[in-house]
Amino acid sequence: MQSGTSTPLSDTAAQIPGMPSVAHKNVAIWLFCCAAMVFIMVVIGGLTRLTESGLSIVDWRPFTGIIPPLTDADWATLYAKYSQYPEFQKVNAWMSVDDFKNIFWLEFIHRLWGRLIGVAFFIPFVWFLAKKSIDGATKWKLWGLFILGGLQGLMGWYMVMSGLVDRPDVSQYRLTAHFGLALVIFIALLWVGFNQYAPRSTKTNGSKRAMQLLCLIVFTALSGGFVAGLDAGYAFNTFPLMDGQLIPDGLYVFDPTWLAPFEDHMTVQWDHRWLAKLTFVLVLVFWWRAGKWDLSPDQRFATHLVLAAACLQVALGISTLLSVIWLPLGVAHQAGAVLLVGMTTYAAYKLRHVS
């Protein structure tokens with residue numbers, strides 16, 4: 001463990017109130033399973049986005065929506081509803097009912113998986129509450145997570161609504177908010193799970209630096225949400241130059257200029273590229289500095305995991321760009337972002353002291 005006063009990890013240690021002093025490993029395993037389900041949900045969401053399947057279900061039925069179409073009449077009704085909206089009228093008018101089924105099932109699975117996450121969270125939560133396996137502070141954190149899960153469902157429908165009005169595509173702002181909330185839920189599930197599995201209640205400089213790095217990683221991932229929302233990855237498919245230049249002509253040429261990072265395809269992609277490069281450099285710096293700290297083998301391994309996940313994500317990002325968003329690579333790139341978030345969350349927690 002970090003021990004000596006000469007290490008930068010211990011010089012700002014501070015006790016954090018509200019941390020469990022006793023491990024509840026069954027609770028932790030349940031939360032880790034929920035986090036794994038959220039990870040799968042994000043992957044399914046990426047696949048849904050990249051296959052343009054997300055607008056195939058044009059209404060939101062939180063409870064009755066778990067029943068799939070069972071008859072030809074059911075399919076005809078759903079197809080007729082879909083045909084009334086911009087995506088069908090402007091993009092997919094060529095689709096038959098059989099073609100429509102291909103995009104319907106992916107969105108249906110995406111929504112159904114979200115409901116399953118809610119069930120997988122709520123039923124064990126009630127059970128653990130009844131068994132008094134959750135302390136008071138953790139109980140309120142978990143109620144907050146349950147509320148966030150419900151809000152994520154609402155955010156998903158709010159996002160879909162933006163593609164049912166004029167343009168046959170969802171708002172990049174709402175898409176990024178939906179993705180960002182998923183990351184927040186994922187991080188929180190892991191963090192509370194770590195608290196329950198092996199309590200570590202004392203902050204260190206190392207854990208603070210890992211948390212700062214985590215914030216940057218999430219920010220970079222959100223910039224990728226704007227790339228996805230604008231389909232900006234289908235242009236400028238070269239690396240390291242963009243349109244043959246390091247700083248391409250036309251960058252931030254948008255009216256008004258302050259909206260360029262959110263609405264201009266070139267600027268959005270350029271920002272994401274450079275944020276990714278900055279993030280990777282700071283991951284290297286974090287890993288290099290961690291090598292000078294007095295760490296236990298498992299803590300050092302946690303920093304190695306962050307570096308490995310960052311290297312994988314950079315490779316996936318470049319490959320996805322050069323392939324002009326080949327579907328398997330695009331999905332893997334989104335999964336890699338969540339993996340990097342998870343590894344950095346783990347490192348931030350692992351670098352704490354046991355009180």
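Me: How many nonpolar, polar and charged residues does the lining of the second largest pocket have?

Reply: By class, that lining has eight nonpolar, two polar and six charged residues. Ala, Val, Leu, Ile, Met, Phe, Trp, Tyr, Cys and Pro count as nonpolar, Asp, Glu, Lys and Arg as charged, and the others, Gly among them, as polar. Keep in mind that this is a predicted model, where local features need pLDDT of at least 70 and side-chain atom pairs pLDDT 80 or more, while totals for chains, interfaces and linings use all residues. Residues are numbered from 1 along each chain as its sequence is written, and side-chain values use heavy atoms, without hydrogens and water.

Me: Which helix gives the largest share of the lining of the second largest pocket?

Reply: H4 does, with five residues. Helices here are DSSP runs (H or I, at least four residues), numbered from the N terminus.

Me: How do the axes of helix H9 and helix H10 cross?

Reply: Axes are lines fitted to C-alpha atoms, for helices over the stretch in contact, and angles run from 0 to 180 degrees between N-to-C directions. The axes of H9 (residues 265-290) and H10 (residues 297-322) come within 10 Å and cross at roughly 155°. H9 is therefore roughly antiparallel to H10 (angles over 145 degrees count as such). The residues of their contact divide into twelve nonpolar, three polar and two charged.

Me: At roughly what angle do the axes of H5 and H6 cross?

Reply: The axes of H5 (residues 136-161) and H6 (residues 172-197) cross at roughly 160° and come within 9 Å. These two helices are therefore roughly antiparallel to each other. Their contact residues divide into 17 nonpolar, seven polar and two charged.

Terms used. Angles under 35 degrees count as roughly parallel, over 145 as roughly antiparallel, 65 to 115 as roughly perpendicular and the rest as oblique.
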